[in-house]
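Please find below some notes on the model you sent, arranged as numbered points. Cut-offs are given where a term first comes up.

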Amino acid sequence: MSKSLVLFGCLFGMTTSASALEVPFTVKEAAGVVRVENPVNSGVPLPKGEVKDASQLRVVDAKNNYVLASIEPRARWLGDGSIKWVTVHFLADLAAKGQQDYRLILTNDPPLKTELVIDEKSQKNAIVVATGPAKFVVPTDKFAPFSQVYVQTDPKKPIAEGDSLLGKPGSVTLVGRNGESKVVPRPGSDGEFRSEFVAVDKGTFTQAAVVQSAQVEERGPGRAVIALKGTFSTRQAKSLDFTARLYFYSGSSLVQMTFSVINRQMDSFSRFVGIERLAIELPLKVGDRVSFFNNGGADVGTPEQVTLGKDGKLFETKVGPKPIRLLQTARDKMTITTADGRKTAGATSDGFVQVSGANGVFTGGTRWFWQVYPMGIAVGPDGSVAMEIKPADTDRVDLYTAGSKTHFVFFHFAPACKVPVASMAAGTTRPLVAACSPDWYCQDTRVMGDLFSANPKLYDPKYRDLIAAYQKQVDACMKRIVDNRPRPGWKVDEFGWLNFGAGLHHRDYVRETAAESWWDANYYDFPHAAVVNFLRTGDLLNLTTAEEAGLHLADLDICHSSPGRPEEVGQPRSGPVVGHFRNYTSGQNYEGHNSFTFYKNESLYELYYLTGERWYHEVALMSSDFAMARYGQGALRNLAHGIWGVLSAYQDTQQPKYLDRAKFFVDKWGKPWQDKYNGSFHDQGWMYGLAFEAYDKYYRLTNDKDTAAYLVKALDALIGEFWKPAGGTGGTGGINLFGYGLGYEYTGNQDYLDKGLIILKKVAATGEGGDRVKTFAQNFRASPYFLKYLTDGYKPTPFLTPTTHPATQENGAKP
């Protein structure tokens, strides 16, 4: 049991007072690993009007014991300002494949005592965080991430200088070289191009990370968060900026970190920072041994034990005269070189290391280690550890202008004792999730609007088999997307430092390397579609996939700079995108796409609410602000994407400027467009579904019935222009399905529902090709909302005059 829970049981009694609000949630262990003090960082939605003040919320376990937790408000309801989303942050112990039930309750009981103490004054250029069993000194001038770490060796005595575990301050080092590329015609391919280097610096630069701002963002009681932002750049060589967040837990000597490097200092999209090495280095002193090199070639004391992960098992060795090194160089290729020079090959590593000695134990690692190769870990002859986010002596990673890359890292320090390495590592590499029921995520709280869960009891019995078939297709498509990532027989797979979290556009667009191949860039907001399916089903594959894709969206599919045009920061990349940095049109140049054609950000807000990770939120707001500066006219999808992008920010921030921008898009762009074509958009039929979704979002927020009427006009135009004998519209039925339900709701016209059912049957039977990132998002981001109209007892409350259509036939006769 974690120390925080034991402490509470001793100090605060074992029962809670009664509460009107009770939100059950469950933490399940799915990886088959015993969990010890593993963090749980998850979102819990709340119904409108229930909770105003998060300080009155508590987490209790199945025995009605309070659990020491931080509960952070992340979003509030429009209108009354009550809390819409909170994230809960606490530590849990679980048996392998076990589960624990918890509840979130309202109470007037006093808060639990925390062991977190944050000291911003006692040391110059440092923040000191005490967690109870440990104390961390975080420098605020140089990114280290720690200048010293202390662990309590005797629970009866306060932490003393002799409890330190670092021989000197840590460091974060970038070794790189700058370069520039251009595009040239691809031989034998008319209208297609490839890239080649214009110049690459012959020599490398080595830079340390300098902190420019330090802020305590959260202060407990269960978790504290420090944000450090700064740069590696120097006058001699512009390079990368960084954002790091350190997460500390009361009663624990664990620290988690998200670490993003960002290229936003270059003056051209075609310039890059070639990353040769990027490493977090910790000079440990956990052993009692004088190092080999400092003692004339002889060891004194006992060499430290080193444990690494290899193919799902533990690999143990000892520190010696040469460095120990773990390298992951491909998705299925890793090597461990021991201190005596012997090499052991394997397929994958879980990306953790443990160094244990007479004075203490260090355990650390990263999430998605083998998936984002090249990655590495090195342990020096003196027992120091380098967590190589990009290891030396592997293929250079070229991070082009406006791109970023985020890694999730953890550090755990302990006195000399047995620390279960796999159990500790799993807290970051395979994080636990506090999951509410799908009913609570959906119709019970309405935080996602009129989204209903996959619970069959909700639906009219005559539709249950159809809905089950539809859900089976959604799940099968998601599974194929994940299972197909290795892409056997293709020249390129979907793993690697820049690739993981993106899907290849199509086999026909795979070229000789990942940098020349076409990627789907998560357009139509694939991670949003995955979030919707997670909320409806509780299937964690969808949440994990949403995190992976959402991180790629935040890092690489949205531009973090715009050379010469700062108002275009936050613009999307094109979709597809060539090698993550080149437009697939316009000569396939290195650039963003300064329109709304491929614009998306909804999932980033949602992932922030579901995880509490602020990087998602920062990039989401940056993206929304792009839509405040640009008027991205073009195809119909541009209109829809622009409305979504600013309405997400409005609901998040409640700043009227975002709603005003949406009103501008609707009234000055969408409606005049339809007026010109007698209600039609005069565009590709499948794009209408995006506009249906956008118009309805706006209508729900404003009660503007005129916009609802324009939606019905567009639906009628779609039917008149595109309804096909086989059923469905525009060739991608799932994307338009929701519109038919809206027409039924707004007007009461049964014909809309009947046509929607024809489309639903088609999607349920075929999946409509939704087993690619792009097509999954098209088919399944909005179609689940149609299921509302099939719930048991649903009857529309029409407010618009019905439109008369010829009878809808099962064979889809065109009206």
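1. The side chains of E693 and R781 meet in a salt bridge, with 2.8 Å from N to O, where a salt bridge is a side-chain nitrogen of Lys or Arg within 4 Å of a carboxyl oxygen of Asp or Glu. Because E693 lies in helix α11 (residues 688-702) and R781 in the segment after α15 (773-780), the pair ties together parts that are 88 residues apart in sequence. Both E693 and R781 are buried, a word that stands for under 20% relative accessible area, with exposed meaning over 50% and partly exposed what lies in between (1.4 Å probe, protein chains only). Helices (H or I, at least four residues) and strands (E, at least two) are DSSP runs, numbered from the N terminus.

2. On provenance, this is a predicted model, in which local features need pLDDT of at least 70 and side-chain atom pairs count only at pLDDT 80 or more, while totals for chains, interfaces and linings use all residues. Residues are numbered from 1 along each chain as its sequence is written, and side-chain values use heavy atoms, with hydrogens and water left out.

3. A search of the whole structure finds 52 salt bridges. One of them joins the side chains of D241 and R264 at 2.9 Å from N to O, linking distant parts of the chain, since D241 sits in strand β17 and R264 in the loop between β18 and β19 (271-282), 23 residues apart. D241 is buried at a relative accessible area of 8%, whereas R264 is partly exposed at 37%. In another salt bridge, between D398 and R396, the closest N and O atoms are 2.6 Å apart; D398 is buried, with a relative accessible area of 13%, and R396 counts as partly exposed at 26%.

4. Which residues are linked in a network of salt bridges? The network holds R74, E217, E218, R223, K229, R245, R614 and E618.

5. E388 is placed in strand β28 (residues 385-390) and counts as buried because its relative accessibility is 3%. Its side chain makes a polar contact of 3.1 Å with the side chain of R277 and another of 3.3 Å with that of R325. A polar contact is a pair of N or O atoms within 3.5 Å; within protein, one must be able to donate a hydrogen and the other to accept it, and residues adjacent in sequence count only if both atoms are side-chain atoms. Not counting residues up to four places away in sequence, E388 touches R277, L278, A279, R325, M375, G376, I377 and A378, contact meaning heavy atoms within 4.5 Å.

6. The structure holds seven cavities of 30 Å³ or more, and the largest cavity contains about 350 Å³ of space. Of the 25 residues that line the largest cavity, N41, Q256, R367, F408 and P431 are the closest to its centre. Elements that give two or more residues to this lining include β2 (35-45), β30 (404-414) and α6 (540-555), and β2 gives the most, with four residues. A cavity is a set of points, on a 1 Å grid over the protein atoms alone, where a 1.4 Å probe fits but cannot get out, and lining residues have an atom within 4 Å of a point. Grid points are joined across faces, edges and corners, and a volume is the space filled by probe spheres set on the points.

7. The second largest cavity has about 90 Å³ of space. Its lining includes R367, W368, F408, E548 and D555, and the elements that give two or more residues to it are β30 and α6.

8. Helix α7 is mostly covered, with ten of its ten residues buried; among them are E602, Y605, E606 and Y609. Just after α7, G612 takes a positive phi of about 80°.

9. M628 is found in helix α8 (residues 614-629) and counts as partly exposed, at 26% relative accessibility. Leaving aside neighbours within four places in sequence, M628 is in contact with V646, K657, Y658 and R661. The C-alpha atoms of M628 and G642, which are 14 residues apart along the chain, are separated by 9.2 Å.

Notes:
1 Å grid on protein atoms, 1.4 Å probe; cavity = no way out; pocket = protein on both sides within 12 Å on 5 of 7 lines; lining within 4 Å.
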